[in-house]
Amino acid sequence: MYSSGYNILSVAWKQYRYKLRSYLELFTGLLIIQLLGLVLSLGAVSQYSSGSNILRISVKSYHSSIILIFTFMWIFGLSILLTTKQYMNLNYTFTANRSSSLLSDMGFILTSSILGGITASLGGMPLRVIIYLTVDHSELLPGMFKPPVSTLATGIWAAILYMIMIAASGYLFGIMVQMNKNFALIIPAVLFFAIRMYLDPYIISLEEFYTKESSLLLFTGKIILTGLALFFLSLMISHRLEVRR
Amino acid sequence: MNIILLFVVILLILFYIFVIRSASRKKSIITKNKIKFIFLLYCCLLLISTAAVYALPAEDFFNPGEIENQEQFTKAGMIYDLIARGRIQDIPGVNKNISSSYDLEGNRLKLELSQKGNYVISHLDVWIERKDTNDGKIEASNYVSPFLIDNIAFTDRVIAPDISFHDNILTITPHRTLIEFFRFEADFTANQFLQEQNTPYTNKTAFGIQAVYLKIPSNVEVVADKGLNVQYVAP
């Protein structure tokens, strides 16, 4: 065990760099899932028609929500993967402890979230180019075709934050599963039954705590605090795990 | 239901991660350098697309008309009442898109509704104003009130009906316009923080009307087809 904070940070930094090189293959998953999202988005995400007997208007709407949701799933899966034995064994390459491993994993998750958030939010751009080249321009509504840079930046920042929180949840879930394999079934089952047992209002309130927050600053604060709390819980559980081993 | 679907999808992904991927991990066919190259290529593609989107000329895009003010919108919604009182020209936002005059022989006018294309327009509003004089002239006009969907005005796209006159028969052939538009929306991640930037008349939707307006001599008898909803103006 290391006694000084400097050493933990130094080891965590080395582990982080090593993991970045070793886990590179995980980013192929990001690429594939985003390309899949892009292909699915080509068919218009939503469509509505309305009008009267002399004029009927059909509007096809496009956005990169599918790409974003797929990327969120990817980061969730990736964070669980980091807690599996196969990936945990990489930590033994270094003389490290759980804290440094967790810190390096946090670093890796943060890097993945930044990459994922940026690429997912920019994923709508090739979509715009494809639609521009394939439809009659006079049928294209300007609206958000060229989103203001501030809107794009806000979207990227929020996507990164969402990904950090999803990844932190996935990581905690993975650590809990490592502690007891039964959690792999129990946690999804509890969530499933919570929905079936009409506990929706509590789940919805929790969801709205994040999704209805219209202040970017407050949202950032909420996500950072939640993320830290989830990682802290993961650390506590993984310490118990280390003691048991 | 959506949450359950999401749950199933997550389970499938987890299955992929834990079972399929773990089994095939040792047989990686792509080298790390290739992965780096492909990922960098993908990032470049995204950046080039972003630059291209901002550089693309947008002049030829559909230019949505906007309603000028709330009064215009409200009054346009009262079009039926105002037309019935002969005040069609006082309605802001209502435009006349055709105007023609025909010489009537005798004092009997027949109105016919003709169809064009596959879609049958079963009814059409026709307002008739009797003039004070018997000048033997039929003045036909067509008015359109604003067609707005989500605050975007599509009024310019409405095609006026064809109006023809032969042997004291005024034939009206309405057209149905079908328009398909494509639009991009901000991502939900950005939308969450953009609520305050909405315009004051957000999501204004009004299906305007098209009104054929006829001015006829006071002594003319009008016989109309079943599909024509004839109403007389009472100033």
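Two strands pair if DSSP finds at least two bridges between them. That rule matters here, because the link between the chains described below rests on it. The model is predicted.

Strand 2 of chain A covers residues 55-62. Strand 9 of chain B covers residues 177-184. The two strands pair in the parallel sense, over eight bridges. So they meet the rule of at least two bridges. One bridge can be picked out by residue: Ile57(A) has Ile179(B) as its bridge partner in strand 9 of chain B.

How many of the eight residues of strand 9 of chain B are buried? Six are, and the strand is mostly covered.

Chain A has ten helices and two strands. Its elements, read from the N terminus, run α-α-β-β-α-α-α-α-α-α-α-α. Chain B has five helices and twelve strands.

The C-alpha atoms of chain A fill a box of roughly 75 × 45 × 30 Å along the principal axes. Chain A carries 17 positive and 9 negative side chains. The centres of these two sets lie 10 Å apart.

The table sets out like values for each chain.

| Property | Chain A | Chain B |
|---|---|---|
| Residues counted as buried | 53% of 245 residues in chain A | 40% of 235 residues in chain B |
| Contacts between residues at least 6 apart that join residues at least 24 apart | 78% in chain A | 82% in chain B |
| Accessible surface | about 11300 Å² for chain A | about 13400 Å² for chain B |
| Part of that surface on carbon and sulfur atoms | 70% in chain A | 56% in chain B |

## Leu24(A): a contact with chain B

Leu24(A) sits in the loop between helix 1 (5-22) and helix 2 of chain A. Its relative accessibility is 15%, so Leu24(A) counts as buried. What does Leu24(A) contact, leaving aside its neighbours within four places in sequence? The partners are Lys32(B), Ile35(B) and Lys36(B).

Leu24(A) and Ile57(A) are 33 residues apart in sequence. In space, their C-alpha atoms are 47 Å apart.

## Ser41(A): the end of helix 2

Ser41(A) lies in helix 2 of chain A, which spans residues 26-41. Is Ser41(A) buried or exposed? Its relative accessible area is 0%, so Ser41(A) is buried.

A polar atom of the Ser41(A) side chain lies 2.7 Å from the backbone oxygen of Gly37(A). Ser41(A) also touches Tyr62(A), His63(A), Ile66(A), Ile67(A) and Leu127(A), not counting residues up to four places away in sequence. One of these, Tyr62(A), falls in strand 2 (residues 55-62) of chain A.

## Lys131(B): a buried lysine

Lys131(B) lies in the loop between strand 3 (124-130) and strand 4 (137-144) of chain B. Its relative accessible area is 12%; the cut-off for buried is under 20%, so Lys131(B) is buried.

Which side chains make polar contacts with the side chain of Lys131(B)? One is that of Asp135(B), at 3.0 Å. Another is that of Glu139(B), at 3.1 Å.

Beyond its neighbours within four places in sequence, Lys131(B) is in contact with Lys137(B) and Glu139(B), among others. The list also includes Lys215(B), Ile216(B), Pro217(B) and Ser218(B).

Asp167(B) lies in the loop between strand 7 (162-166) and strand 8 (169-173) of chain B. Asn168(B) lies in the loop between strand 7 and strand 8 too.

Phi of Asp167(B) is near 50°. Phi of Asn168(B) is near 65°.

Cover separates the two. Asp167(B) has a relative accessible area of 72%, so Asp167(B) is exposed. Asn168(B) has 16%, so Asn168(B) is buried.

Conventions: Residues are numbered from 1 along each chain as its sequence is written. Chains are lettered from A and ligands numbered from 1 in the order in which they are written. This is a predicted model: local features need pLDDT of at least 70, side-chain atom pairs count only at pLDDT 80 or more; totals for chains, interfaces and linings use all residues. Side-chain values use heavy atoms; hydrogens and water are left out. Helices (H or I, at least four residues) and strands (E, at least two) are DSSP runs, numbered from the N terminus. Buried means under 20% relative accessible area, exposed over 50%, partly exposed in between (1.4 Å probe, protein chains only). A polar contact is a pair of N or O atoms within 3.5 Å; within protein, one must be able to donate a hydrogen and the other to accept it, and residues adjacent in sequence count only if both atoms are side-chain atoms. Contact means heavy atoms within 4.5 Å. Accessible areas come from the Shrake-Rupley method with a 1.4 Å probe; for residues, only the protein chains shown count as cover. Lys and Arg count as positive and Asp and Glu as negative; His and the chain ends are not counted. The place of a charge is taken as NZ of Lys, CZ of Arg, CG of Asp or CD of Glu.
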